Amino acid sequence: MVKRVFNFNPGPATLPLEVLEEAAKATVEFNGLGMSILEISHRSKDFEKVLNDCVADVKELLGLPDGYSVCFMGGGASTQFAMVPMNFLPAGGSADYINTGEWSSKAIKEAKLFGTVNVTASSEDKKFSYLPDPKAVPVTPGAAYVHITSNNTIYGTEFFAFPDTGATPLVCDMSSDIMSWKFDASKFALIYAGAQKNIGPAGVTMVIVRQDFLAKANDKIPTMLKYKTQADNNSLYNTPPAGAIFIVGLVMKWMKKNGGLAAMEAKNKAKADLLYAAIDGGAPFYRGTVEQGARSRMNIPFRLPSEELEEKFIKEAKAADLVGLKGHRSVGGCRASIYNAFPIEGVQALADFMKEFAKKNG
Ligand SMILES: *Cc1c(COP(=O)(O)O)cnc(C)c1O
């Protein structure tokens, strides 16, 4: 038996043990080929099946209608911050951005290199501790698209409703909550997500793009940075991150086997409820930092009465095999990241630890 700690890291993050075990085997030998998944050609039949099965499973899990392409590429979600405006923000045009945290701010910074950015809603005035009402966000006439970040990994806020943008394409950075609940993917023209939070290892980014949106993309940009290149070539224009795609495929199969998005949602709700109850029940020693109604199920930040106590908490939690609870360096405090693959037993262990720690130090 391998020893596994409870890993609360925000990304790279916990993956299902059975996925890791299968990946470990395939890293030595795959499909009886006498080669590993890391060694076979990305143009081989065996890899093509891995890729096509993965795409089909993504479509099935999300209930995607016809007319969407699912692509896998390198560069992380951070490259998408630039690729989206490079492809879809025409010279002299504008795009709407909803600013709900550090990742949105970084996306805005890149978009400004290409055109005008209208920040149509922001929660920066209260340190991103709440969310603007998505239904009340205006859409700028003529905007090329509206960009939103569904889950704010650092601040711990999450949208469970999206703006109704009418005919204006809606683009979403779903890096930290993709496939964690059952949402209507057909509302989006483009979704991107770095895999390393909810759906796989670092090194691959999933992009889901509607083909009619693709048809409007700028053609005068580098070949590799065109979504159309990736979509037209089934992510095989060049050598894709094949090993990472393989693991994303295993995670998709694991999700299907475990009840799909509805089951993920129920499990994620139960885990988040348990942890928020531990925080609220432990007040005033513990303090949640996010307004009720905006709280994320994926990343749950909380504070203790002092930074000294926070440091002690993180250290003692680590000694108790509760690892990765330090808040993002930009905000401090504690943060528990509990994505799809994180087990409820780990959340219970943290809740128990919190109770004990408050008793001893409160
Ligand atoms: C982690 C994260 C990113 C950055 O992802 P990289 O793959 O490291 O570039 C972007 N957006 C959100 C919401 C994230 O959580």
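This is a predicted model: local features need pLDDT of at least 70, side-chain atom pairs count only at pLDDT 80 or more; totals for chains, interfaces and linings use all residues.
**Stop 1: Ile221**

Beyond residues up to four places away in sequence, Ile221 touches Met86, Asn87 and Lys226. Ile221 sits in the loop between helix H5 (211-214) and H6. Is Ile221 buried or exposed? Its relative accessible area is 12%, so Ile221 counts as buried.

Gly75 and Ile221 are 146 residues apart along the chain. Draw a distance between their C-alpha atoms: the separation is 17 Å.

**Stop 2: helix H6**

Follow the chain on to H6, residues 227-232. Select Lys228 and Asp232. What joins these two side chains? They meet in a salt bridge, with 2.6 Å from N to O. Both residues belong to H6. They are 4 residues apart, about one turn of the helix.

Colour the pair by accessibility. Lys228 is partly exposed, at 38% relative accessibility. Asp232 reaches 53% and counts as exposed. Why does Asp232 count as exposed? Because its 53% is over the 50% cut-off.

**Stop 3: from H7 to H2**

Next, select Lys256 and Asp57. This pair also forms a salt bridge, and the closest N and O atoms are 2.7 Å apart. Here the partners come from distant parts of the chain. Lys256 is in helix H7 (residues 242-257), while Asp57 is in helix H2 (residues 45-62).

Lys256 is partly exposed, with 34%.

Side chains of opposite charge can pair when their charged atoms come close.

**Stop 4: Arg295 and Asp280**

Move to Arg295. Arg295 forms a salt bridge with Asp280, at 2.9 Å between the closest N and O atoms.

Compare their surroundings. Arg295 has a relative accessible area of 14% and is buried. Asp280 has 39% and is partly exposed.

How many salt bridges does a search of the whole structure find? The count is 14.

**Stop 5: Asn268**

Stay on helix H8 and select Asn268. Asn268 is buried, with a relative accessible area of 1%. Its side chain joins that of Lys271 through a polar contact of 3.1 Å.

Now look for partners from elsewhere. Setting aside neighbours within four places in sequence, Asn268 is in contact with Ser180, Arg297, Met298, Ile338, Tyr339 and Asn340.

**Stop 6: two domains**

Zoom out and colour by domain. Domain 1 covers 17-257 and domain 2 covers 259-361, according to the domain assignment. Their C-alpha centres lie 27 Å apart.

Select the residues where the domains meet. From domain 1, 28 residues are in contact with 26 residues of domain 2. The size of an interface is often given as the accessible area lost when the parts come together. Between domain 1 and domain 2, about 2200 Å² is buried. Carbon and sulfur atoms give 56% of that area.

**Stop 7: what crosses the interface**

Keep the interface in view. How many salt bridges are found across it? The number is 0 between domain 1 and domain 2. Polar contacts do cross: 15 residue pairs are found, both residues at pLDDT 80 or more.

Next, show the elements on the domain 1 side. H2, strand E7 (157-158) and H7 each give two or more residues to the side that touches domain 2. H7 gives the largest share, with 4 residues.

Finally, colour this side of domain 1 by residue class. The side touching domain 2 has 12 nonpolar, 8 polar and 8 charged residues.

Terms used. Residues are numbered from 1 along each chain as its sequence is written. Side-chain values use heavy atoms; hydrogens and water are left out. A salt bridge is a side-chain nitrogen of Lys or Arg within 4 Å of a carboxyl oxygen of Asp or Glu. Buried means under 20% relative accessible area, exposed over 50%, partly exposed in between (1.4 Å probe, protein chains only). Domain bounds come from an automatic or database domain assignment. Contact means heavy atoms within 4.5 Å. Buried area is the accessible area (1.4 Å probe) that two parts lose on being put together, summed over both. A polar contact is a pair of N or O atoms within 3.5 Å; within protein, one must be able to donate a hydrogen and the other to accept it, and residues adjacent in sequence count only if both atoms are side-chain atoms. Ala, Val, Leu, Ile, Met, Phe, Trp, Tyr, Cys and Pro count as nonpolar, Asp, Glu, Lys and Arg as charged, and the others, Gly among them, as polar.
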